[in-house]
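Subject: Structure handover

Hello,

Here is the structure to look through. My notes on what was found in it follow below.

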Amino acid sequence: MRCVFRYGETACFCVFPEGLLSCSSHGRLCATSTSISQRNNSSSANLKVDHDQTTGVAVMHMQSPPVNSLSLDFLTEICITLDKLEMDKGCRGLIITSSQPKVFCAGLDILEMYGKSPERCGEFWKAVQEMWLKLYGSNMVTIAAINGSSPAGGCLMSITCDYRIMADNPRYSIGLNETKLGIVAPFWFKETMVNTVGHRNTETSLALGLLYKPAEALSIGLVDQLVPEDQVLSVATQTMTKWLAIPEHARQITKSMMRKSTIEKLRSNREADIQNFVNFITKESIQKSLRMYMEMLKQKKA
């Protein structure tokens, strides 16, 4: 089947078909203080956060089975968690990783785009925007500890971070591969990629819908470091200390200077971007293609 998508982002159309059929249940996180361990730990069905108050570093473990698909509920949960950590003056750094085997994040949940009302689709896309805005503009040091494949929306989440450490496993891949499915990545996906790997690498990557193996991703700067799979989190923790050693005001101002124009471009075009997505995804031809694709996935799983 050939898809005919022209706008938006449907990450779960690729590498992890089973992720397309997963759904998250929303839960609000409540931090509890434990003076003995000096940690604030919070958890829900889909997200676990360990905040070490001694170091000022929080680790956010995505654990939405089977492949951390980004549903509206899961995106909302992530955004609530990011808000809480951002407001916590004791939290200076955030490491994002996965508790699911072999996958960091498989991207957007297709069920959020099929058979939904325009209002629901708009709410979903606004949540995708919100997740990006909160991560890309965060005052915290953010490190992606990529311990599995990270296509499309998962790649977007990774490249919002200040630094990316990926498991050196040739079975894993990362990239924005929308065009292979007839999809055009929104401008803010594209500009985040340009800011990460440069114009020419982005042009080639997006035009061909490339998914990179870890060594290839390192070679173009899509990730910053490769380490053995069992060391991803420990190396991320070590790397965080280097970033936190920089005077905070200087680091935050520099980050804002580098990213402000991209962030402001989306902020000033959010409603138009949402409407473009809704107009596209609710077309009868697109809904038909989504249905055909899901049927194909079910046949593969049978």
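To begin with the helix packing, H2 passes H8 in a left-handed crossing. On the H2 side, the contact is made by Gln129, Trp132, Leu133, Leu135 and Tyr136, and on the H8 side by Lys255, Arg259, Thr262, Ile263, Leu266 and Arg267. Sorted by class, those residues are six nonpolar, two polar and three charged. H2 covers residues 118-136 and H8 covers residues 248-267; their axes come within 10 Å and cross at roughly 165°. Angles over 145 degrees count as roughly antiparallel, and H2 and H8 are therefore roughly antiparallel to each other.

Please keep in mind that this is a predicted model.

As for the overall make-up, the protein chain holds 10 helices and 10 strands. Of its 302 residues, 55% are buried. Among contacts in the chain with a separation of 6 or more, 74% are between residues 24 or more positions apart.

H4 spans residues 187-197, and its axis and that of H2 come within 12 Å, crossing at roughly 25°. H2 and H4 are therefore roughly parallel to each other. Their crossing is left-handed. From H2, the residues involved are Trp125, Val128, Gln129, Trp132 and Tyr136, and they meet Trp188, Phe189, Thr192 and Asn195 of H4. This contact of H2 with H4 has six nonpolar residues, three polar ones and no charged ones.

H1 is the helix of residues 72-87; the axes of H1 and H2 come within 9 Å and cross at roughly 35°. This crossing, too, is left-handed. H1 contributes Leu72, Leu75, Ile78, Cys79, Leu82 and Asp83, while H2 contributes Arg120, Glu123, Phe124, Ala127, Val128, Glu130, Met131, Lys134 and Leu135. By class, the contact of H1 with H2 divides into 10 nonpolar, no polar and five charged residues.

In soluble globular proteins, nonpolar side chains tend to be buried together. Here the largest nonpolar core has 81 residues, and the ones with the most contacts inside it are Leu70, Ile78, Leu94, Ile96, Met157 and Leu222. H2 gives the most to this core, with 10 residues. Ile78 is also one of the H1 residues in the contact with H2.

What does leucine 94 touch, leaving aside its neighbours within four places in sequence? The list is Ala58, Met60, Leu82, Leu85, Leu135, Met140, Val141, Thr142, Ile143 and Met240. Two of these, Leu82 of H1 and Leu135 of H2, also take part in the contact between those helices.

Serine 158 is found in helix H3, residues 153-160. Is serine 158 buried or exposed? Its relative accessible area is 0%; buried means under 20%, so serine 158 is buried. Leaving aside neighbours within four places in sequence, serine 158 is in contact with Phe104, Ala144, Ile146, Ser150, Arg164 and Ile174. Cysteine 105 lies 53 residues from serine 158 along the chain, and their C-alpha atoms are separated by 9.1 Å.

Regards

Conventions:
Residues numbered from 1 in each chain as written. Predicted model: local features only at pLDDT ≥ 70, side-chain atom pairs only at ≥ 80, totals over all residues. Heavy atoms only, no water. Axes fitted to C-alpha atoms, helices over the stretch in contact; angles between N-to-C directions. Helix = DSSP H or I, 4+ residues; strand = E, 2+ residues; numbered from the N terminus. Parallel < 35°, antiparallel > 145°, perpendicular 65-115°, else oblique. Left-handed = near helix turned anticlockwise from the far one by under 90°. Contact = heavy atoms within 4.5 Å. Nonpolar A, V, L, I, M, F, W, Y, C, P; charged D, E, K, R; others polar. Core = buried A, V, L, I, M, F, W, Y, C linked by side-chain atoms within 4.5 Å. Buried < 20%, exposed > 50% of the residue type's maximum accessible area, 1.4 Å probe, protein only.
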